[in-house]
Amino acid sequence: MIETVLLWLFAGTALAAACLMLVLRHPMRVALALTATMLSLAGVYALLGVHVIAVFQVLIYVGAVMVFMVYAIMLLDVRDRSFTRRFSRLLVPGIAVALLFLAILGGGLWRALGGHATASAGTLFTLQEFSVEFLNDYWLHFELVSVLLVAAVVAALAVLEVGRRARG
Amino acid sequence: MLIAVSAALFALGLLGVIVRRNVLVMLMCMELMLNGVNLSLVTFAQQSGSAAGAVLVLLVFVVATAEIAIAIPIVLLLAQRKNGLDLDAYDDLRG
Amino acid sequence: MSHVLALIVLLPLAGFLVNGLAGKRLGNTFVSAVGCGLPVAAFVAAVQCLIELTAAGGTPRIEVAYTWADIGGSSFEIAFYFDRLTAVMALIVTGVGSLIHVYSIGYMKDDASYARYFAYLNLFLFFMLLLVLGRSLLVLFVGWEGVGLASYLLIGFWFEDPEKARAGKKAFITNRIGDAGFLLGMFVLYQALGTLDMDRINLAFLATPGPAVSASLVGILLFIGATGKSAQIPLHVWLPDAMAGPTPVSALIHAATMVTAGVYLVARLSGIYLNAPEASALVAGIGAATAFFAATIAVVQTDIKKVLAYSTISQLGFMFVALGVGAYGVAIFHLYTHAFFKACLFLGAGSVIHALGGEQDIRKMGGLARRIPFTFATFAVATAAIAGIPPLAGFFSKDEILWFAFASERGGSTVLYVTMVATALLTSFYMFRLLWRTFFGRSRMTAEVEHHVHESPTSMTGVLIVLALLSAVGGFLSIPHYLERLLPMPDAAASLHHLETPLLVLSIVIAFAGLALAAFVYGGDGARAERLQRRLPGLHRVLSGKYFVDEAYETFIGRPLYWISDRVFLRLSDRSIIDGSLHGLAALGRRTAGGLSRIQNGQLHLYALLVLVGIVFSLAWSWRHV
């Protein structure tokens, strides 16, 4: 019972913070709103019983990605033209199409799912079970992901080089 | 219900990409999109009881991290070149 | 010899090829030898065939040379046919043709394109023989078109002069208009009878019951072709202009042979015309109208060759009148005598022009009788022949035509007779006028021309003498009786038999009356002629303007066609519609591309929006799977 309420709470918070993201003017505030969304989602994952992912969400997303984002925001002078005029020229068409999108998606989901299946906490995703499953059945994906990370490192070095050359 | 929330998060993220002018905000909206997708993956994984969804979520984490790690430096360089974060100024690939 | 007919046809073709390809290099003597020798050889072969024909009692000789096409069960062959009519025509074509070739040796001696001339002349003979010897209308048509081509080439022989080239074009195009009718006639015949062989066509039409198609329709269609080739109204306009070519060409093509092809066609297909009274009436009517019309124009012409050209048109009208009243053999008789005296007249004119160094205006001649005696003598004999003075050839043939125009049961009438008699009077008048103005009276030549006057070489005068002799005695060879079995003469109305002799006397009187009148008006110093002209200026203007037929054609046919070609076909269809649509398509493509390329404006916002739109579309598309 309490879990359902908490679930609704966390989901609602995530949604609210996401809406705020779109409206706030200062990028730093937007970053904070995004962090709020991510934390709420972590809560949702935890309530669903997928503790592994919840932990990783906080560690990786909030801990690395958002921190990096905040660094970038702090580095740059954000009070330029995109500050005074937040929205692009495609505001109205964008909203219209997005609503259409939501309608179609919502309608499709409604027809497909009928009633909503609420979460039932399962114990399938303890860390031990998860990692065993992961490295047994999905080790190829793991290797590919490491290749991706290597590529990212190389790309970062390349960007450094470009930056160095740009600065002369 | 959670699926609906995930759809809403995704839509909001995409809308943010279309609507906001600041590059950094746009990047953050892209992160929002990824989060929405993650939510739906986790929901399905938990419902069907297979670990595939969770694994995919992990992979999405990694990709998102790598993406941000490269995107932010690019944005920094761009901002230096164009002296601003306004996305409308970054239209050199037109025509 | 089994292929002698093909040989007759192919000998001149060989001459064309040799002279055309190698003549220039091989020199004038060689060209003359080949160019004249081969037609003479063809003449000899034709004589040989005649002998064999007589020995066989007149049964026609058929020779199939080659199967041209085998289409859907019916085969079209190139076959040759030799009967009495063909014999007469072939002998005229090769005989008179050879004589004119010999004449040309002297006449064209100083021309730079000597070899080309003889090549074209031989080409003409080849096609004419194909026309005359062909068994089916198809082969005849090949020859028909071919002589048209040769005529075009020879009229425009000195093509550097644009006027002469235009005359050649006019001849060819006018012929083509007639050929449209000819082709339609051929199509109708083939559709109805399944064959184009002329002997079979005649048999089909003479049999009872006749074929399903209207003989008059076919007759009229084929006659339209004949009007084009034989210069009858309304397609006569090319013949006077054709005098732009060398004079021997005018003699051969536009007097003796090509223009008679129409007459030959009608005579050959007599089976059709015997059963087509409407068509025959049309033939006779147009023939009479043309004869009279051309004769009136000839009275006021001042160019020596133009007088002879209108005279030819007029005499061809005589032949068509004979055909129209059913006297086919008589028409061929007149064709035969006309070939002799008209060729002699034209060649004589050529001799005069040669003697005067190029002068053709009779107002600038005179007093030549004693200075170029041979030319004068032969010209006088031929003039008397055409005027119908007995016992020369023209008298016999013309008198027969006049008799049948009056009395034939197949269409003779008084109106026809009176028109033809009037024409005969005019013929005699203008021909003697020509003789007087050219050869008699005080000399009206300029001094240097007068100095230059000399008699022509033997190659020319020899031919003139031969032709004059033939004009004199040719009438005694009674062609109508020779052709009687093939082309029976029409019956004369019994009630009119008693008028035969009086009318004969009348024709003789007419001929001499013309002579006397001409001598009166143009004799002495010609002052009476000028007074006559001043008293009838309007009439003189109309006649000199040839009744303004050319101008009428230009205004009512030429200019509208030109306007349509320019406005409708060139500007509207070709430029606006065809080019416009193509350019329009290209412009459309360019504009579309231009419009579409505005999507690529470098704005990420727009790209993202388009991504979203795409997603919405695909979701909407797959809605039914939900």
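**Reading chain A and its interface with chain B**

Author: In this predicted model, the secondary structure of chain A consists of seven helices and zero strands.

Reader: Is chain A spread out or compact, judged by the radius of gyration?

Author: One sets the radius of gyration beside the value from the globule rule. For the 168 residues of chain A the rule gives 15 Å, whereas the radius of gyration is 21 Å, well over that value, so chain A is more spread out than a compact globule. Along the principal axes, its C-alpha atoms fill a box of roughly 60 × 45 × 30 Å. Of its residues, 35% count as buried.

Reader: How many residues of chain A are in contact with chain B?

Author: An interface is read from both sides: 79 residues of chain A are in contact with 61 residues of chain B. In chain A, L22(A), Y61(A) and M69(A) lose the most area to chain B, together 10% of what that side buries.

Reader: What area is buried between the two chains, and which atoms give 80% of it?

Author: The area is about 6,100 Å², and carbon and sulfur atoms give that share. Across the interface the rule finds zero salt bridges, but 11 residue pairs are in polar contact.

Reader: Which helix supplies the largest share of the side of chain A that touches chain B?

Author: Helix 3 of chain A does, with 12 residues. By class, that side has 60 nonpolar, 10 polar and nine charged residues.

Definitions and conventions
Residues are numbered from 1 along each chain as its sequence is written. Chains are lettered from A and ligands numbered from 1 in the order in which they are written. This is a predicted model: local features need pLDDT of at least 70, side-chain atom pairs count only at pLDDT 80 or more; totals for chains, interfaces and linings use all residues. Side-chain values use heavy atoms; hydrogens and water are left out. Contact means heavy atoms within 4.5 Å. Buried area is the accessible area (1.4 Å probe) that two parts lose on being put together, summed over both. A salt bridge is a side-chain nitrogen of Lys or Arg within 4 Å of a carboxyl oxygen of Asp or Glu. A polar contact is a pair of N or O atoms within 3.5 Å; within protein, one must be able to donate a hydrogen and the other to accept it, and residues adjacent in sequence count only if both atoms are side-chain atoms. Helices (H or I, at least four residues) and strands (E, at least two) are DSSP runs, numbered from the N terminus. Ala, Val, Leu, Ile, Met, Phe, Trp, Tyr, Cys and Pro count as nonpolar, Asp, Glu, Lys and Arg as charged, and the others, Gly among them, as polar. The radius of gyration is taken over C-alpha atoms; the globule rule is 2.2 Å times the number of residues to the power 0.38. Buried means under 20% relative accessible area, exposed over 50%, partly exposed in between (1.4 Å probe, protein chains only).
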